[in-house]
Amino acid sequence: MEVITLQLFNGLSVSSILLLIALGLAITFGLMKVINMAHGELIMIGAYSTYLTQNIFNDYLPKSMFDWYFALSIPVSFLIAFLFGLILEMSLIRFLYGRPLDSLLATWGVGLVLQQLARSIFGAPNVAVTSPSWLDGGVTFLGAVLPYKRLFIIGLVALTLLAMYFYIYRSLEGRRMRAVMQNRDMAACLGVSTRRVDAMTFAIGSGIGGIAGCALTLLGPIGPSLGTYYIVDAFMVVVLGGVGKLVGTVLGALGIGVFNTMFEYWTNASLGKVLVFLCIVAFLQWRPMGFVAMRSRSLDS
Amino acid sequence: MLAVQQLEAGYGESVILRNVTLRVEPGQVVCLLGRNGVGKTTLMKSIMGLLKARRGAVAYNGHELTKAAPGRRARSGIGYVPQGREIFGQLTVYENILVGLEASREKKAVRSIPEEAIAKFPVLPAMYSRRGGDLSGGQQQQLAFARALASKPDLLLLDEPCEGIQPSIVDDIRDVIRSIKADGKTSILLVEQSLDFVKSVGDYFYVLEKGAIAWEGGFEDLSDEVIKKYLTV
């Protein structure tokens, strides 16, 4: 019983981390169709923002406040990654819309530059972020110990997802965004400022990458090449889920996370990964559009 | 109100419009006629700003708009119902009309759909929560009208509003155009293939041929000879 509970929880935990990493990409790649290879580096920026927040609390604030640095570091990571995304969109990405190969190469280059930047500022070795003491320990559930950190990440993902849902589907800005992404010319003809919408959308996707980076500091030390470990998984989740749909991204992350944990339990870490990739390849042969394909009369023609 | 001067425009290397000069006066319904492929839709796109003018000028209410982006033209009071309707398929009917409010020129931000925009389309409110892409062609056309009217434009560009639509809805659209004309607040530039249709609503007519205006005149000048020369296939 314990083993099953633990495996299920691990699957859910891995899924939540994958989802958090992929959510930002679901916007920049899923909605905007920009193959943003620098997304991993935006995650890395979020992680270092958390590291910086921790250091500032350590150096300037009384010890008793230290535990609260993490609550602040979530919005800080979002904001800093948001600003990087905004600068990246305004200086580079906007010249590359509709040119997927060029944007792939250019953003990969940007990723390398950002990695080197982090190396120059923080040094090549990994740095450790001390998790707040209120996230130490865990809760015992059906005989298995579920760490608070993992539970916290699951909660953070749920919250981010909820916020994204309200922003995209219930707010004025979100409506503009969906109109522009569906039919850019027509949205422009109705008076929507497409430049502003593009910049905002890309920046928000980047900011969510920053939140993912903040969460990753709970799982282990961080380094300049942190993002490169996650970028492939992030793309995999978005593609498997179906480009352009939040629900698809959630399903994609759950699918990969749960199967990955199961296969790793039955075989070993590397063979488990191979089996997951094989499953993805087979699945995309069967349903090339992913889990959730958009269907409507207007798109059928 | 709208003045197009010696406009030249095209796609890539090919020139579609060579030398187009036309005017729309306040409250007028101006019809643009011509055979297929003479550049009617291209002209509409250039007036809206989707195509850059190579030469010539587009002025609207005294403002020079030749280099302005489509959004600025919309916000200065031009509404556009494009060929093929271009409804946002994944947005609901309600959201589609709300996007039309973006070009609104009211001093304080408008948050709800104005009565005038949907008064002429009583079928729409019942479909508010459906996705735009799931509507039929005729319903989409009415939605495209309502969306364009939401910002209360002074000039409405209508590109083949009756294309591929059943006769009863064509009659509805004719009534809508007539009632807009009767209100007298909005001028219309209309592209339409059906001669009967344009004759029943138009005040002034331009015939486009090979990217230039070949003939222009009022209702009484639109004789059989003109029709035979420029419009019969």
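Reader: Where in chain B is B:Gly71 found?
Author: This is a predicted model, so take the assignment as computed from it. In it, B:Gly71 is part of a helix of chain B, namely helix 2 (residues 70-75).

Reader: Is B:Gly71 buried or exposed?
Author: Burial takes 20 or more other C-beta atoms within 10 Å. B:Gly71 has 21 C-beta neighbours inside 10 Å, so the residue counts as buried.

Reader: Leaving aside its neighbours within four places in sequence, which residues is B:Gly71 in contact with?
Author: Contact here means C-beta atoms within 7 Å. With the neighbours within four places set aside, the partners of B:Gly71 carry the chain letter A. They are A:Ala188, A:Gly191, A:Val192 and A:Ser193.

Reader: How far apart in space are B:Gly71 and B:Tyr94?
Author: Along the sequence, B:Gly71 and B:Tyr94 are 23 residues apart. In space, going C-alpha to C-alpha, the distance between B:Gly71 and B:Tyr94 is 21 Å.

Reader: Back to the two chains: which helix of chain A gives the most to the side that touches chain B?
Author: Overall, 19 residues of chain A are in contact with 26 residues of chain B. Helix 6 (172-182), helix 7 (184-189) and helix 12 (297-300) of chain A each supply at least two residues of that side of chain A. The most, five residues, comes from helix 7 of chain A.

Reader: And by class, how many residues on the side of chain A that touches chain B are nonpolar?
Author: That side of chain A has six polar and four charged residues. Its nonpolar residues number nine.

Reader: Which parts of chain A do the buried residues of helix 5 pack against?
Author: Helix 5 (residues 148-170) of chain A has 23 residues and reaches 32 Å from first C-alpha to last, close to the 33 Å expected. Its buried residues are A:Arg150, A:Ile153, A:Val157, A:Thr160 and A:Met164. Residues three or four places apart in an α-helix point the same way, because there are 3.6 residues a turn. The buried residues of helix 5 of chain A pack against helix 1 (2-31), strand 2 (144-147), helix 8 (194-216) and helix 10 (246-266) of chain A.

Reader: What is the radius of gyration of chain A, next to what a compact globule would have?
Author: Chain A comes to 12 helices and two strands, and its C-alpha atoms fill a box of roughly 55 × 50 × 35 Å along the principal axes. With 301 residues, a compact globule would be near 19 Å, and chain A agrees with a radius of gyration of 20 Å.

Reader: How about chain B: what is its radius of gyration?
Author: Chain B has eight helices and 10 strands, and its C-alpha trace spans about 45 × 40 × 35 Å along the principal axes. A compact globule of 233 residues would be near 17 Å, and chain B agrees, at 17 Å.

Reader: Which residue takes a positive phi in the hairpin of strand 9 and strand 10 of chain B?
Author: Strand 9 (residues 204-209) of chain B pairs with strand 3 (residues 29-33) in the parallel sense over four bridges. Strand 9 of chain B is also joined to strand 10 (residues 212-218) by six bridges, running antiparallel, with B:Leu208 opposite B:Ile213. That hairpin has two residues between the strands, and the one with a positive phi, near 50 degrees, is B:Lys210.

Note on methods: Residues are numbered from 1 along each chain as its sequence is written. Chains are lettered from A and ligands numbered from 1 in the order in which they are written. This is a predicted model: local features need pLDDT of at least 70, side-chain atom pairs count only at pLDDT 80 or more; totals for chains, interfaces and linings use all residues. The expected span of a helix is 1.5 Å times one less than its number of residues. A residue is buried if 20 or more other C-beta atoms lie within 10 Å of its own, exposed if 12 or fewer, and partly exposed in between; C-beta atoms are placed from the backbone. Two residues are in contact if their C-beta atoms, placed from the backbone, lie within 7 Å. The radius of gyration is taken over C-alpha atoms; the globule rule is 2.2 Å times the number of residues to the power 0.38. Ala, Val, Leu, Ile, Met, Phe, Trp, Tyr, Cys and Pro count as nonpolar, Asp, Glu, Lys and Arg as charged, and the others, Gly among them, as polar. Two strands pair if DSSP finds at least two bridges between them.
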